[in-house]
Amino acid sequence: MMSPIRLSNNGITLAPLTIAHVDDLAEACQDGKLWETVYTSVPSPQTMTEYIDKADSMRDRVAFAVIDDITGKAIGSTSFYNIMPSVKRLNIGYTWYAKSYWRSRLNTTCKLMLLTHAFEDLEYLTVGWRTDIINMQSQRAIERLGAKKEGIIRGDRIRQDGTITDSVVYSMTVDEWPDAKNNLSNKLKSYE
């Protein structure tokens, strides 16, 4: 399985998610009351310890705390998951950030680090994403990365409120990565 890593760029660090991040993340999820959004998997402040424990126990997931280097605080989380070394494919997901960081350089920076590591360091061939069919904000964000929409998987997951929902599935291949990397790098320049 993949070894824990630490990635840093543009004032953001992705560090292995540990119980040491519980207080920061419990505070971060309250910025926007993110756990109340039915189509995401953001934990509540009261369930943050369970969330971290579960992430750490999953064999096919490498979870990160997203740290703002200026404050030194964890402001969200993201993961590699459904890691399949035999076919060199993994997904990026379980991503959430404190609401005050939305529409900033944060998501572009994190995805650039994760995709660079997946395609260039690990030499994976495909990176995928899944999001709830009604989560239009997430779908637009994934499409801005340069990922291609593959389709919809019907009835494949349960929302926090217990309803069964469909997922929209995206992917990017190593052949598409150079153009996507260039676009993401240019987007980061626009935040300067």
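**Close-up 1. Asn10, a partly exposed residue in a loop of the predicted model**. Asn10 counts as partly exposed because its relative accessibility is 33%, a value that falls between the limits of 20% for buried and 50% for exposed. In this predicted model, Asn10 is found in the loop that runs between β1 (7–9) and β2 (12–16). Its backbone is worth a careful look: most residues other than glycine have a negative phi. The phi of Asn10, however, is near 55°, which is a positive value in a residue that is not glycine.

**Close-up 2. Tyr94, a residue with positive phi in a strand**. Tyr94 lies in strand β5, which covers residues 89–97, and although Tyr94 is not a glycine, its phi is positive, at about 55°. With a relative accessible area of 27%, Tyr94 is classed as partly exposed.

**Close-up 3. The second largest pocket and the residues that line it**. The space in the second largest pocket amounts to about 170 Å³, and 13 residues form its lining, with Pro4, Asp56, Arg61, Val62 and Ala63 lying nearest the centre. Two or more residues of this lining come from each of the elements α2 (48–57) and β3 (61–68), and β3 gives the most, with three residues. When the lining of the second largest pocket is sorted by class, nine residues are nonpolar, one is polar and three are charged.

Definitions and conventions. Residues numbered from 1 in each chain as written. Predicted model: local features only at pLDDT ≥ 70, side-chain atom pairs only at ≥ 80, totals over all residues. Heavy atoms only, no water. 1 Å grid on protein atoms, 1.4 Å probe; cavity = no way out; pocket = protein on both sides within 12 Å on 5 of 7 lines; lining within 4 Å. Points joined across faces, edges and corners; volume = space filled by probe spheres on them. Helix = DSSP H or I, 4+ residues; strand = E, 2+ residues; numbered from the N terminus. Nonpolar A, V, L, I, M, F, W, Y, C, P; charged D, E, K, R; others polar. Buried < 20%, exposed > 50% of the residue type's maximum accessible area, 1.4 Å probe, protein only.
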